[in-house]
Amino acid sequence: MIVAKHRILQAYAITYAPGKANAARFDEVARLLGIDAETVAVIVNENVGGQ
């Protein structure tokens, strides 16, 4: 499935919760958008600066 980068980044932003690990956020975004969590991690790290 093809998902626009901005959709991944938007979904990542709305999954923020204090103390929530990035890996959990990657998994949640992947599940929401129907894509691979590793892809989410790569996109986020490229665009957010490797948080």
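Guide: Let's begin with Arg 25: leaving aside neighbours within four places in sequence, Arg 25 is in contact with Tyr 12, Ala 13, Thr 15, Tyr 16 and Lys 20. Contact here means heavy atoms within 4.5 Å. Bear in mind that this is a predicted model, where local features need pLDDT of at least 70, side-chain atom pairs count only at pLDDT 80 or more, and totals for chains, interfaces and linings use all residues. Residues are numbered from 1 along each chain as its sequence is written, and side-chain values use heavy atoms, with hydrogens and water left out.

Visitor: How do you know that Arg 25 has no salt bridge?

Guide: A salt bridge needs a side-chain nitrogen of Lys or Arg within 4 Å of a carboxyl oxygen of Asp or Glu. For Arg 25, the nearest side chain of opposite charge is Glu 28, 6.9 Å away, so Arg 25 is buried yet has no salt bridge. Arg 25 sits in helix H2, residues 22-33.

Visitor: What makes Thr 15 count as buried?

Guide: Buried means under 20% relative accessible area, exposed means over 50%, and partly exposed is in between (1.4 Å probe, protein chains only). Thr 15 has 5% relative accessibility, so it counts as buried. You'll find Thr 15 in the loop between helix H1 (5-14) and H2. Not counting residues up to four places away in sequence, Thr 15 touches Lys 20, Arg 25, Glu 28, Val 29 and Leu 32.

Visitor: And why is Val 42 called partly exposed?

Guide: Its relative accessible area is 41%, so Val 42 is partly exposed. Val 42 belongs to helix H3, residues 37-48. Its C-alpha atom is separated by 11 Å from that of Lys 5, 37 residues apart along the chain.

Visitor: What makes the helix count of the protein chain three?

Guide: Helices are DSSP runs of H or I with at least four residues, strands are runs of E with at least two, and both are numbered from the N terminus. The protein chain comes to three helices and zero strands, running α-α-α from the N terminus on.

Visitor: How do you know that the radius of gyration agrees with a compact globule?

Guide: The radius is taken over C-alpha atoms, and the globule rule is 2.2 Å times the number of residues to the power 0.38. With 51 residues, that rule gives a radius near 10 Å; the protein chain has 10 Å, so the two agree. As for burial, 25% of the 51 residues count as buried.

Terms used
Lys, Arg positive; Asp, Glu negative; His and termini not counted.
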